[in-house]
Amino acid sequence: MAKTNPLPEGLRFYPGFLDRQQQERLVDQVRDVVTVAPLYVPVMPKTGAPMSVRMTNCGPLGWVTDKDRGYRYQATHPLTGKPWPDIPSEIGAIWDAVADYCKPPEACLVNFYGEDAKMGLHQDRDEQDFSAPVVSISLGDTCLFRVGGLHRKDPTRSFRLESGDVLVLGGESRLRFHGVDRLYPGSSTLLRQGGRINLTLRRVNP
Ligand code: SIN
Ligand code: FE2
């Protein structure tokens, strides 16, 4: 999608929202989170098929998925059983700057994409409160992001998310289908080993 095309109502794109120094600080903070709450391989409900991203969370609640209990939020890491670490203040500050919502985020999902990872088209709909937006922060390698409509078969459009970009899915776009088609390995020098980190901030309860 050409960046000049108007985005659908409620989808707000902030290219280059974070400068390099801010991005580096966020990566350090994500490393601290991962030290306490290690990345793990999530699996799809029912089939148990592994997803290609690795995941963890910070915040009072974390989004998890497994074979038997499916998609849900819970207060503890599925492997360590410990509470998720707090959302680092600089990450919370991004929500404060762009979410236009009266309450803080409760969940920050951390997705790590290796060079072959992707994420199929899906809706974020495990929350109780759809009036709050979803705020997505990209760090590291560029990806090709796809956004569609409110039905899976609706037409989609794709655009690149680069390191430091922030995307908000709110209002009429809160429940739009979206996914990540691919990474562009080597497109960023932010992560020494390459790959991409996506931070997704969400409000779960009204
Ligand atoms: C997601 O929708 O959970 C992740 C989106 C992204 O990685 O940009
Ligand atoms: Fe999502």
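A disulfide, for what I am about to show, is a pair of cysteine sulfur atoms within 2.5 Å. This is a predicted model, in which local features need pLDDT of at least 70 and side-chain atom pairs count only at pLDDT 80 or more, while totals for chains, interfaces and linings use all residues. Residues are numbered from 1 along each chain as its sequence is written, chains are lettered from A and ligands numbered from 1 in the order in which they are written, and side-chain values use heavy atoms, with hydrogens and water left out.

Let me start with the cysteines. A search of the whole structure returns zero disulfides. Cys-58 is buried at 1%, whereas Cys-102 is exposed at 70%.

Now to the ligand. Ligand 1 sits in the largest pocket. A pocket here is, on a 1 Å grid over the protein atoms alone, an open set of points where a 1.4 Å probe fits, with protein on both sides within 12 Å along at least five of seven lines, and a molecule sits in it if more than half of its atoms lie within 2 Å of its grid points. Two or more residues of the shell around ligand 1 come from each of strands E5 (107-113), E6 (119-122), E11 (178-183) and E12 (196-202); strands are DSSP runs of at least two residues, and helices runs of at least four, numbered from the N terminus.

Which residues are around ligand 1? Among them are Asn-111, Tyr-113, Met-119, Phe-145 and Asn-198, a residue being counted if one of its heavy atoms lies within 4 Å. On its own, ligand 1 has 260 Å² of accessible area, by the Shrake-Rupley method with a 1.4 Å probe, and the protein covers 96% of it.

Turning to the rest of the chain, Leu-26 in helix H1 (residues 20-36) is buried at 1%, and its C-alpha is 11 Å from that of Leu-190, 164 residues apart in sequence. Leu-61, in the loop between strand E2 (54-58) and strand E3 (62-64), is buried at 18%.

Finally, two backbone angles. Lys-46, in the loop between H1 and E2, has a positive phi near 70° without being a glycine, and this residue is exposed at 72%. Asp-100, in the loop between helix H2 (89-98) and E5, likewise is not a glycine and has a positive phi of about 55°; Asp-100 is exposed at 73%.

Methods
Buried means under 20% relative accessible area, exposed over 50%, partly exposed in between (1.4 Å probe, protein chains only). On a 1 Å grid over the protein atoms alone, a cavity is a set of points where a 1.4 Å probe fits but cannot get out, and a pocket is an open set with protein on both sides within 12 Å along at least five of seven lines; lining residues have an atom within 4 Å of a point.
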